[in-house]
Amino acid sequence: MAGKRLMECLESVEDPRINRTKAHRLSDILAIAFCATLSGVQSFSEMEDYAHDKIDWLKRFLRLEGGVPSHDTFGRVFALLKPESLQAALLEWLGSLQGGAAPGG
């Protein structure tokens with residue numbers, strides 16, 4: 001059984017932003033942050049730099065309709081985001097890779 005796609009799970013994360021402030025898809029922001037963190041990035045400024053450096057690769061699976069999110073955007077989103085919502089999405093993805101059982105559960 002193939003696992004769920006990471007993007008499919010990230011799209012289920014509750015977006016805490018109000019509609020008029022959404023220049024970027026939440027799943028794009030989260031995917032960049034996830035990939036950047038796995039690559040050793042430790043700050044929102046480094047996430048922005050990572051996205052600029054990897055833009056061609058990221059465009060293979062992200063829409064990036066608003067371009068690369070700024071470090072301020074990463075900071076605002078993560079300040080508003082409910083950690084439980086992101087955790088649930090990542091556990092769902094990891095669980096699907098293990099054949100349906102969520103890690104630690």
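Here is a walk through the helix packing, salt bridges and aromatic pairs of this structure.

The model is predicted, so local features need pLDDT of at least 70 and side-chain atom pairs count only at pLDDT 80 or more, while totals for chains, interfaces and linings use all residues. Residues are numbered from 1 along each chain as its sequence is written, and side-chain values use heavy atoms, with hydrogens and water left out.

Let's start with two helices. Helices here are DSSP runs of H or I with at least four residues (strands are runs of E with at least two), numbered from the N terminus. Helix α2 covers residues 26-38, and its axis comes within 11 Å of that of α5, crossing at roughly 105 degrees. That makes α2 roughly perpendicular to α5; the label covers 65 to 115 degrees, with under 35 counting as roughly parallel, over 145 as roughly antiparallel and the rest as oblique. The axes are lines fitted to C-alpha atoms, for helices over the stretch in contact, and the angles run from 0 to 180 degrees between N-to-C directions.

Which residues of α2 and α5 meet? On the α2 side they are Leu-26, Ile-29, Leu-30, Ile-32 and Ala-33, and on the α5 side Thr-73, Phe-74, Val-77 and Phe-78, where contact means heavy atoms within 4.5 Å. Sorted by class, the contact of α2 with α5 has 8 nonpolar, 1 polar and no charged residues. For that sorting, Ala, Val, Leu, Ile, Met, Phe, Trp, Tyr, Cys and Pro count as nonpolar, Asp, Glu, Lys and Arg as charged, and the others, Gly among them, as polar.

Phe-78 turns up again in an aromatic pair. A search of the whole structure finds 3 such pairs. Rings of Phe, Tyr and Trp (its six-membered ring) pair if their centres lie within 6.5 Å; planes under 30 degrees apart are stacked, over 60 edge-to-face and the rest tilted. Phe-44 and Phe-78 are stacked, at 6.0 Å centre to centre and 20 degrees between the planes. Phe-44 lies in helix α3 (residues 44-53) and Phe-78 in helix α5, so the pair ties together parts that are 34 residues apart in sequence. Trp-57 and Phe-61 are edge-to-face instead, with 4.9 Å between centres and 75 degrees between planes.

Now for the charges. The structure holds 5 salt bridges, each a side-chain nitrogen of Lys or Arg within 4 Å of a carboxyl oxygen of Asp or Glu. One of them joins Arg-25 to Glu-11, with the closest N and O atoms 3.7 Å apart. Both residues lie in the loop between α1 (6-10) and α2, so this pair ties together parts that are 14 residues apart in sequence. Arg-25 also meets Asp-28 in a salt bridge, at 3.0 Å from N to O, and Glu-11, Arg-25 and Asp-28 are linked in a network.

Is Asp-28 buried or exposed? Asp-28 is buried, at 2% relative accessibility; buried means under 20% relative accessible area, exposed over 50% and partly exposed in between (1.4 Å probe, protein chains only). Glu-11, by contrast, is partly exposed at 48%.

Another salt bridge pairs Arg-17 with Asp-15, at 2.8 Å from N to O. Arg-17 is buried at 11%, while Asp-15 is partly exposed at 24%. Asp-15 also sits 8.8 Å from Lys-82, C-alpha to C-alpha, although 67 residues separate them in sequence. Lys-82 is in the loop between α5 and α6 (83-97).

Finally, look at Leu-64, in the loop between α4 (55-58) and α5 (71-80). Its phi is near 50 degrees, a positive value in a residue other than glycine, and Leu-64 is buried at 8% relative accessibility.
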